[in-house]
Amino acid sequence: MRFEVPFVPETAYAALVAARASVLEGMYFRLGPETPDARLPGLADPSPMELAAGLAALPDIPRFGLLNAAFHAQEVLTGDGLRDLVMLLDGYLAAGAVTGIIYADQYLLQALSDASPTVAGALSAVPSINFRLNSLERAATVIDAACSTRFRPPPSVILDRDCNRRPDQLAAMAEGLRREWPGLRLGLMANEGCLYACPYKAAHDAHIALSRLAACRVGPELNRDLGCLRLLAGEPGRMLASPFVRPEDVHHFEGVVDFFKICGRSRTAGDLRTIVAAYLDGRYAGNLLWLLDTQEILSDRYALDNESLPDDFFAQTAGCDRRCRRCGYCAALAGRLVSQRAPSLPDYVPS
């Protein structure tokens with residue numbers, strides 16, 4: 001199996017990526033601290049110059065800049081913001097540091113295409129996971145829309161994470177997409193640990209996009225107090241019902257999809273080294289919650305030893321009907337395996 005991984009310009013992490021380049025499908029990265037994407041800015045996001053220099057020094061791996069905010073301000077679609085974005089992309093192209101963009105707003109894709117056919121023609125347009133491509137019809141519509149612009153067609157798409165635990169539907173969808181677009185590479189999310197069919201996702205993506213436009217910063221307290229983290233902590237069975245794929249279970253998807261996307265770009269470089277290495281090696285010994293995006297926030301309060309999960313965990317969770325209250329398998333398993341951790345101070349050892 002191959003993997004798409006985040007990129008951060010840190011020496012040890014870049015060395016890991018370079019050493020394992022043969023199994024990497026691509027890398028994705030924030031274009032700059034002020035560019036709108038589906039995450040809030042970090043405390044020390046690298047500058048475009050740092051990113052471009054680090055990316056250009058790596059082996060020839062596809063590089064995707066993130067423009068995957070749910071929506072954008074008018075000036076980004078028609079005004080100075082659009083001009084600045086085109087200039088930024090042009091600079092990355094000149095440095096040989098980008099091969100495509102990952103987008104979630106079709107308006108933005110069309111605006112960029114109109115503003116600079118030259119820049120658009122040099123980049124592929126890859127639909128974001130946030131399009132939630134969970135059916136052949138929806139995926140076909142989104143891919144067709146990307147192909148209607150001056151951007152190059154998407155070389156790959158990542159299907160909705162809920163497909164991870166619907167093997168029959170996933171296989172049928174993959175077959176249909178390959179029949180329609182021969183050569184299209186298909187991926188899945190690996191370590192996204194949010195709720196199955198998360199009812200908060202659309203609003204959460206909108207809150208993040210809105211925070212770019214107004215003094216409306218969104219932090220983990222929103223999900224902690226009102227959203228998915230509250231449900232996960234209150235009903236630990238939901239932690240296991242989340243459609244993540246453990247490093248040990250990736251092999252079940254061989255021949256169905258081409259690669260997995262590894263999440264965690266807002267984590268430290270040291271964390272990323274551990275997360276990426278776990279998937280590349282196909283095993284992880286530690287707190288499973290720490291490995292997963294979203295659930296990582298709960299890992300200081302709860303522990304779930306990854307190696308304690310039963311051998312048939314994948315088979316049991318891939319074949320269920322998603323009616324968790326009626327089933328009870330994940331709730332019973334969590335009751336045995338999830339433990340509450342004693343409060344402690346964080347370890348401030350540099351990564």
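This report covers a helix and its surroundings, then a sheet and a helix packed on it.

The model is predicted. Helix α1 spans residues 11-19, and its buried residues are Y13, A14, L16 and V17. Viewed along the axis of α1, these residues fall within an arc of 155 degrees, so they line one face of the helix. An α-helix has 3.6 residues a turn, so residues three or four places apart point the same way. T11 and A19, on the other side of α1, are exposed. The cover over the buried residues of α1 includes β1, β2 and α13. At the start of α1, the backbone nitrogen of A12 has a side-chain oxygen of E10 within 3.3 Å.

The elements that take part in this cover include the following.

| Element | Residues |
|---|---|
| β1 | 2-6 |
| β2 | 24-30 |
| α13 | 269-281 |

The sheet is open and has eight strands, in the order β5-β4-β3-β2-β1-β8-β7-β6, with parallel pairing. β5 (124-127) and β6 (156-158) stand at the edges with a single partner strand each, so one side of each has no neighbour in the sheet. On average, and with direction ignored, neighbouring strands of the sheet are turned by 30 degrees against each other.

Within this sheet, strands β3 (residues 63-67) and β4 (residues 100-103) run parallel and are joined by four bridges. Opposite G65 stands I101 in β4. Helix α5 (residues 106-115) packs on the sheet and touches β3, β4 and β5. The direction of α5 makes about 150 degrees with that of β4.

Note on methods:
Residues are numbered from 1 along each chain as its sequence is written. This is a predicted model: local features need pLDDT of at least 70, side-chain atom pairs count only at pLDDT 80 or more; totals for chains, interfaces and linings use all residues. Side-chain values use heavy atoms; hydrogens and water are left out. Buried means under 20% relative accessible area, exposed over 50%, partly exposed in between (1.4 Å probe, protein chains only). Helices (H or I, at least four residues) and strands (E, at least two) are DSSP runs, numbered from the N terminus. The arc is that of the directions from the helix axis to the C-beta atoms. Contact means heavy atoms within 4.5 Å. A polar contact is a pair of N or O atoms within 3.5 Å; within protein, one must be able to donate a hydrogen and the other to accept it, and residues adjacent in sequence count only if both atoms are side-chain atoms. Two strands pair if DSSP finds at least two bridges between them. Axes are lines fitted to C-alpha atoms, for helices over the stretch in contact, and angles run from 0 to 180 degrees between N-to-C directions.
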